[in-house]
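Take the points one at a time and find each residue as you go.

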Amino acid sequence: MDPSRRNMINNPGPSRGRDGTSPRYDSHNRVSKPPRPAPSQSASKIAASYVSSEEQARQFVADEDIFVLRQSKKKADIRVRENRAKPIDYLAFSLRYIDEERDVFDDQEGDDDIDVPEPAEVVQKLDLHGLKELETDIKNYHVLETDSRNREYWEALRSLCKSQKAKLDPSRHDRRVVSSVDDDINKILAPKTYEQLGALEKQIKAKLRSDEDIDIDYWEQLLQSLLVWKAKAVLARTVEKITKKKLERQGQPSGKMSSNTRAASAQTQALSRTTPNVPPSEPSGNDDASQATQTLYDREAARGVSENEEVFAAEEELPGTSKPQWAGEHQVRKPRYFNRVQMGYEWNKYNQTHYDHDNPPPKVVQGYKFNIFYPELIDKTKAPTFKIIREHGRRRGESFAAAGEEDTCLIRFIAGPPYEDLAFRIVDREWDYSAKRDRGFKSSFDKGILQLHFQFKKIFYRK
């Protein structure tokens with residue numbers, strides 16, 4: 001055997017022919033990869049600039065929308081001032097009084113004297129082609145608007161345009177026989193408030209989603225009509241706010257106003273005309289025809305009537321009255337009013353025995369709400385008053401009425417120059433003067449309005 005091989009077998013050491021210049025082997029040393037190099041500063045700057053560019057583009061688009069919207073409103077103002085306005089311009093011009101995003105420097109002297117037609121009238125006067133064009137213009141405003149109140153205004157106008165188009169478009173046949181019950185549907189929806197319409201909308205949608213065996217055409221038509229009445233309610237509230245702002249701008253909340261308020265007044269007139277039992281707002285005879293009175297009337301009429309109310313106008317002539325002593329100094333005016341009578345059921349012992357909720361008894365008078373307008377009293381230090389007149393010598397508590405009937409009396413309102421006295425015939429029962437919210441007694445004179453709201457005391461029968 002070769003001696004070198006024998007020596008290697010006999011001495012199996014770590015001798016591997018290591019190079020003396022190489023690193024010394026150590027079993028305790030760890031071999032690891034070098035750390036990944038940190039990104040360079042230029043790469044961080046590129047990522048940051050990419051994000052900021054995206055945000056800048058988004059902000060640029062938002063700023064551009066605001067600029068386009070402001071320019072559209074300015075152009076509408078100019079066309080209205082120069083008597084070359086389109087329908088959309090009137091709608092935008094009316095909104096300027098409650099637009100919080102509007103620049104006050106865009107207003108010009110004389111803007112408040114411009115007569116602008118009310119929104120409902122603008123929509124109703126257009127033909128089918130005009131409605132389509134107006135609907136497109138309204139959509140453009142609605143897309144650009146960011147204020148929730150303004151968007152609600154434009155949404156309401158879009159609903160009115162859609163409803164009016166359905167009436168004028170002869171190619172629409174989806175109404176079928178359902179159109180025959182339109183009058184009944186309107187009677188159901190007209191007296192309801194915006195909140196009540198919203199609750200009813202949820203009920204109708206739930207019924208349509210259910211598996212009940214119902215008349216789908218009727219309930220769908222009811223839902224479509226409900227959306228239109230909701231739009232009218234929104235416009236009524238908006239018009240009321242516009243009228244209030246115009247009064248504040250003039251600094252005369254209850255005094256004489258310039259002729260421009262005819263525009264705001266007309267807005268509530270059209271809406272009140274669509275509500276049953278609302279009397280016409282045009283005065284007749286020697287009725288007070290001032291703009292201040294007209295505005296107060298329109299604001300009250302815009303509130304409409306609730307389900308348990310009806311408009312009350314049972315005016316009576318005062319017997320044996322002569323002209324007031326001040327008639328030679330001032331022109332006598334008849335005050336205008338917007339009164340309501342509250343109706344309801346009385347569940348006394350007799351009615352509980354003979355009627356139930358499915359077959360209720362006849363409604364009876366439960367109270368009154370008098371709203372009489374005296375915006376231009378000569379002596380503003382003396383508030384108007386009222387008194388009860390019982391004819392034929394009857395005293396309080398006495399009854400001359402036949403069985404099953406109720407006594408009536410006159411309530412007379414007295415204000416002084418330049419207004420003549422006014423009287424109404426009401427049911428003669430004991431009033432409830434409770435200040436509880438559900439009873440709602442109120443007797444006040446503020447900002448030219450005499451308000452007398454009361455209900456009758458409820459009679460409880462005990463065994």
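1. Let's start with two helices side by side. H3 passes H5 in a right-handed crossing. Their axes come within 9 Å and cross at roughly 35 degrees. On the H3 side, the contact is made by Pro 87, Ile 88, Leu 91 and Ala 92; on the H5 side, look for Leu 134, Asp 137, Ile 138 and Tyr 141. Sorted by class, that gives 7 nonpolar residues, no polar ones and 1 charged one. Keep in mind throughout that this is a predicted model.

2. Now zoom in on Leu 134. Leaving aside residues up to four places away in sequence, Leu 134 touches Pro 87, Ile 88, Leu 91, Val 123, Leu 126 and Cys 161. So what is going on here in general? In soluble globular proteins, nonpolar side chains tend to be buried together.

3. Which residues touch the most other members of the largest nonpolar core? They are Leu 91, Leu 134, Ile 138, Trp 154 and Leu 157, out of 31 residues in that core. H2, H3, helix H4 (119–124), H5, H6 and H9 each give two or more residues to it. H6 gives the most, with 6 residues. Another core, of 24 residues, lies apart from this one, and Tyr 374, Ala 415, Tyr 419 and Phe 454 are among its members.

4. On to charges. The structure holds 23 salt bridges. One of them joins the side chains of Arg 79 and Asp 89, at 2.7 Å from N to O. Arg 79 sits in helix H2 (residues 41–81) and Asp 89 in helix H3 (residues 87–95), so this pair ties together parts that are 10 residues apart in sequence. Are these two buried or exposed? Both Arg 79 and Asp 89 are buried.

5. A second pair to find is Glu 135 and Lys 165, whose side chains meet in a salt bridge, also listed at 2.7 Å, N to O. Because Glu 135 lies in helix H5 (residues 128–144) and Lys 165 in helix H6 (residues 148–168), the pair ties together parts that are 30 residues apart in sequence. Lys 165 is partly exposed, with a relative accessible area of 21%.

6. Glu 152 belongs to H6 and Arg 237 to helix H9 (residues 216–250), so parts that are 85 residues apart in sequence are tied together. Glu 152 is partly exposed at 28% relative accessible area, and Arg 237 counts as partly exposed at 33%.

7. Salt bridges can also link up into a network. Here, Glu 240, Glu 300, Arg 303, Glu 309, Arg 340 and Lys 369 are connected that way.

8. Last, some backbone details to check. The peptide bond from Pro 417 to Pro 418 is cis, with omega near 5 degrees; Pro 418 lies in the loop between strand E7 (408–414) and strand E8 (422–427). Asn 83 is not a glycine, yet has a positive phi of about 60 degrees. You'll find Asn 83 in the loop between H2 and H3, and at 72% relative accessibility it counts as exposed. Lys 447, not a glycine either, has a positive phi of about 55 degrees and is placed in the loop between strand E10 (442–446) and strand E11 (449–456).

Conventions
Residues numbered from 1 in each chain as written. Predicted model: local features only at pLDDT ≥ 70, side-chain atom pairs only at ≥ 80, totals over all residues. Heavy atoms only, no water. Salt bridge = Lys/Arg side-chain N within 4 Å of Asp/Glu carboxyl O. Helix = DSSP H or I, 4+ residues; strand = E, 2+ residues; numbered from the N terminus. Buried < 20%, exposed > 50% of the residue type's maximum accessible area, 1.4 Å probe, protein only. Axes fitted to C-alpha atoms, helices over the stretch in contact; angles between N-to-C directions. Left-handed = near helix turned anticlockwise from the far one by under 90°. Contact = heavy atoms within 4.5 Å. Nonpolar A, V, L, I, M, F, W, Y, C, P; charged D, E, K, R; others polar. Core = buried A, V, L, I, M, F, W, Y, C linked by side-chain atoms within 4.5 Å.
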